Amino acid sequence: MDCRPFFFKKFGMFHHRSTMRIGTDAVLFAQWVDVKSFDNALDIGTGSGIIPLILSQKGVAYVDAVELDADSCEEARQNFEISMWKEKLKIYNDDVRVFSDNVNKKYDLIVSNPPFYASDVKPIRDKKVMARHVSTLSFKDLLCSAKKMMKEDSRFAVVLPFYESRLFIKEAEYLGFHLQKEMQIIPIEGKDANRVNMQFVLNKVDEVETELFTIRNKDYSYTEDYKIFLKDYYLDF
């Protein structure tokens, strides 16, 4: 196993012990979500802690993170501790359903790269099951937990595969959320979108802001839009 840290422009982090390694979904999602300098944020299912670190680089005031898997939690704790933002990052090894019942504060921003693939054949390794399937946390559980910790004007953002995103939007609307904006992510020029970043609010929205974003050209090189969007993070950009 390669245990070397992964380096971004302003921080490095370990991710070999976590349920899922650093991937495009989380980096693109964390850069896309709206942040404000006073935001007290929460990341649900943080894994190795990549999303809180990017939110911190973007200038949020504070980020709590919740992670059920003990190994992932310990690795995120280590990554937070070696970062320049360690004073405004905190990790909790807990089930978000329990955490949401016991936490005594509300968040301005809640984000999650949650379990998905509700109907696919589950991978063999238990950590993969936990990271990528709704067997441990349903969409309803995630939405209800988030809502308990939101203020009237809070934002809640998630990233999901395209099909699951349509199911999630319906569940969210039923529970009183309103889709504010979404980014439909196309992996290669000419293909259909396979991931969707979504941001919800509790107040009604006049019009949903929808954008299409392509990661790679037909020759598999990165698009200029992708390189510009993530230039503050990846060393090669």
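This is a predicted model: local features need pLDDT of at least 70, side-chain atom pairs count only at pLDDT 80 or more; totals for chains, interfaces and linings use all residues.
Visitor: Which residues of helix 1 are buried?
Guide: In helix 1, the buried ones are Asp-25, Ala-26, Val-27, Leu-28, Phe-29, Ala-30, Gln-31 and Trp-32. Buried means under 20% relative accessible area, exposed is over 50%, and partly exposed is in between (1.4 Å probe, protein chains only). Helices are DSSP runs of H or I with at least four residues, strands are runs of E with at least two, and both are numbered from the N terminus.

Visitor: OK. Why is helix 1 called largely enclosed?
Guide: Because 8 of its 9 residues are buried, helix 1 is largely enclosed by the rest of the structure.

Visitor: At what angle do the axes of helix 1 and helix 2 cross?
Guide: They cross at roughly 30° and come within 9 Å. The axes are lines fitted to C-alpha atoms over the stretch in contact, and angles run from 0 to 180 degrees between N-to-C directions.

Visitor: Roughly parallel or roughly antiparallel?
Guide: Helix 1 and helix 2 are roughly parallel to each other. Under 35 degrees counts as roughly parallel, over 145 as roughly antiparallel, 65 to 115 as roughly perpendicular, and the rest as oblique.

Visitor: Which residues make the contact?
Guide: Helix 1 brings Ala-26, Val-27, Phe-29, Ala-30, Gln-31 and Trp-32, while helix 2 brings Ile-50, Ile-51, Ile-54, Leu-55 and Lys-58. Contact means heavy atoms within 4.5 Å.

Visitor: New topic. Where does Ser-154 sit?
Guide: Ser-154 is in strand 7, residues 150-161. It counts as buried because its relative accessibility is 1%.

Visitor: Which backbone atoms lie by a polar atom of its side chain?
Guide: The backbone oxygen of Tyr-107 is 2.5 Å from a polar atom of the Ser-154 side chain, and the backbone nitrogen of Lys-151 is 2.7 Å from one. Tyr-107 is 47 residues away from Ser-154 along the chain, yet their C-alpha atoms are separated by 6.8 Å.

Visitor: What about Glu-75: buried or exposed?
Guide: Buried, because its relative accessibility is 0%. Glu-75 lies in helix 3, residues 70-81. Not counting residues up to four places away in sequence, it touches Phe-14, His-15, His-16, Arg-17, Ser-18 and Ser-48.

Visitor: Last one: where is Phe-237 found?
Guide: Phe-237 is in the segment after helix 8 (224-229). Its 23% relative accessibility is why it counts as partly exposed. Leaving out residues up to four places away in sequence, Phe-237 touches several residues, including Lys-9 and Tyr-222. Glu-224 of helix 8 has its C-alpha 9.9 Å from that of Phe-237.

Visitor: And overall, how many helices and strands are there?
Guide: The protein has 8 helices and 10 strands, and 50% of its 237 residues count as buried.

Technical notes
Residues are numbered from 1 along each chain as its sequence is written. Side-chain values use heavy atoms; hydrogens and water are left out. A polar contact is a pair of N or O atoms within 3.5 Å; within protein, one must be able to donate a hydrogen and the other to accept it, and residues adjacent in sequence count only if both atoms are side-chain atoms.
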